[in-house]
Amino acid sequence: MLNQSVNCSSVEQNNQQLKNYSDDMMDLIQYNFKKHPSNFSYKYEQIQEHPNMPIIETTEFPETNLMYTYYSLRSKTNSLYTNSIHRYPPKYIPDYSQWAIKKYLKQGGMIIDPFIGSGVTALTAIQFPYTNICGFDIDPLACLISKTKVTPLSEDKLLQIRDDIIDRVSHSKVTPYKPHVIDILHWFNIGEVEDLGCIRSIIDDYKQDVDIYNFLLVTFSSIIQKCSLVADRESKAFVSKKVIKIPAEAKSTFKNKLRQNVASIISTSKVISSSSSCHIGCCDAKEISDAYFKQSQFQADLAISSPPYINSFDYPRSTKLSYMWIGDILDVNNMNAHQRKFIGTEYISSEYYKKSNLTGVPTLDSQILCMFKKDKKKAGIVYKYFYDMSLHLREMTKVLKKGAHYILVVGTSNILGEEIMTHSHLTNIAIQHGFELDNIFASKILNKSLRNKRGLEYEWVLDLKKL
C-alpha cells in the first residue's frame, strides 16, 4: 500500500463517502469497467516510495532501469541547438525523450507528444532517422515556438535577413505597432513601447514567408519580458512595487537575440534527419485523438510527454506579456476563456467545488475530502486536474498501438498541506483505462529555481504500456 499520510481525523467517515462519485467521473469509470473489467483492482503495491534508495549519478539514463531507481542526471543537452531560443514555463530535459526513443524505437516509428510545450520532444525526435512525430498543445504560443524549433531554414537566407533586419532596426523610421492593451504603461516604459512597436512593424514586413515570419516572431517574443517592468525570472506577469526593475533596451536586446537564434537555427538544421518529419498543431489534450488521426492514418508507436502540474504554473499568466504583443497573430481574443481549458488551471467553474467530487482512486479521494473541508476550490482544482487527465488517458488509448508505451514525466504537488502523489494517482487512473505500469523511476530536479517554486526534489518518469 502506498505510504501516504492523510491529515484528517475522520478517515473512516471519508472512506464511506468514496462511493459518492461525481456524475462525470462515474461515467468514465463505467466506460472503463465495460472495456477493461480486469483492471479494477488498484495495484497500489506497484507504486511504493523508496526514500532510502541510493541516488545514482549519471550523464544519461540507462536503457534498462530498475523500478524506483533515483537518478541525479547531469544533462548535457538542455541548451543544445534551438532548445534555448525562447524561454517557456518549465520545459523538461531532452534526456527523457532520448532515453525513450532509443529504448522503444530501434527502427524508427511514429511518436505523439500531446503536451508539446516548447518542443523538446519534437526537436529530439527529428534527429533520429525514420522517426516521425505529431506534437500538440492547447497554447498557440507553445505551438509557434515548437514549430520554429524544428523548421530547418536556409543558412544564406537567414544570414541575409538577419543583416537586413539589424540594419532596419538600427536606422529605419517606421510607424510603430500599437498593442491593444489599455494598461500597457503598467507593464512597459514608454520608450520600450515605442521600440518594441517598431520591431514588430519591421517583422510584419516578412509575413509572406511563413517560416521566416514565425522565426522572427519567436525571437521577438523571447525578449519581451526582459524589456518589461516584470522581473526577468518572474514566472508570472507581475510588476513589483518593492523592487523597481530597469528594463533592457529593446532594440539592442532584439539584435543580440536575433544573432543567437540565427546561429541556433543554422546548427539545428544540420542535425535534422532528412528521413524524419514533424507536425505541430493546436489541440486540447482531452480531445487528442481527432487531431492526431487528421495527420496520421496509423496508431502511434510511442508517446512521450510531460503534462502540466496541478496548480503549479499558470501558463497563460506566465506568457501574458508575449500575448500583449503577438496575441493578435496567435488568434487568442479572450485569454480568460482560453485559460479555463488548460489542464491544471486554477480557473475552474464552481460546479467542480459545490460538492466534494471524487475520482474513484481511494487514496486520492481521501485527500480531496480532507482538502474540501479546508478549501473547497482547492479541492475542486485537484479533482478537475485528475478528471481532465483521465479524459486524456482515455484518448491516448485510441491513438496508441497495442503494446505501445506512454512515457509520462510528472511531479508531486503540495496543496493545503497534502502531498499529492501525482505519479501514483495517474498510474492507477491509467490502469483503469487499459494501461499497465511497466516501469517507474525518479530524476532529481537540478534547476534550483524550479525546485524552489514547485517545492519538489524529483520528477517521476512513468513508463505505461497499453494492453
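At what angle do helix H6 and helix H10 pack, and how far apart are their axes? The close-ups below, taken from a predicted model, start with that pair.

**Close-up 1. Helix H6 packs with helix H10.** Here H6 (residues 155-171) meets H10 (residues 250-269) at an angle of about 180°, and their axes lie 10 Å apart. Because angles over 145 degrees count as roughly antiparallel, H6 is roughly antiparallel to H10. On the H6 side, look for contact residues including Leu158, Leu159, Ile165, Ile166 and Val169; from H10 come, among them, Phe254, Leu258, Val262, Ile265 and Ile266. Sorted by class, this contact has 10 nonpolar, 1 polar and 5 charged residues.

**Close-up 2. Lys157 forms a salt bridge with Asp209.** The closest N and O atoms of the pair are 2.9 Å apart. Lys157 belongs to helix H6, while Asp209 sits in the loop between helix H8 (190-203) and helix H9 (210-223), 52 residues apart. Lys157 is partly exposed at 40% relative accessibility, and Asp209 is partly exposed at 29%.

**Close-up 3. Asp205 forms a salt bridge with Arg168.** For this pair, the closest N and O atoms are 2.7 Å apart. Asp205 is in the loop between H8 and H9 and Arg168 in helix H6, so the bridge ties together parts 37 residues apart in sequence. Arg168 is partly exposed, with 23% relative accessibility.

**Close-up 4. Asp163 forms a salt bridge with Arg162.** Their closest N and O atoms are 3.1 Å apart. Relative accessible area is 39% for Asp163, which is partly exposed, and 23% for Arg162, also partly exposed.

**Close-up 5. A network of salt bridges links Arg200, Asp204 and Asp328.** The model has 11 salt bridges in its count.

Note on methods:
Residues numbered from 1 in each chain as written. Predicted model: local features only at pLDDT ≥ 70, side-chain atom pairs only at ≥ 80, totals over all residues. Heavy atoms only, no water. Axes fitted to C-alpha atoms, helices over the stretch in contact; angles between N-to-C directions. Helix = DSSP H or I, 4+ residues; strand = E, 2+ residues; numbered from the N terminus. Parallel < 35°, antiparallel > 145°, perpendicular 65-115°, else oblique. Contact = heavy atoms within 4.5 Å. Nonpolar A, V, L, I, M, F, W, Y, C, P; charged D, E, K, R; others polar. Salt bridge = Lys/Arg side-chain N within 4 Å of Asp/Glu carboxyl O. Buried < 20%, exposed > 50% of the residue type's maximum accessible area, 1.4 Å probe, protein only.
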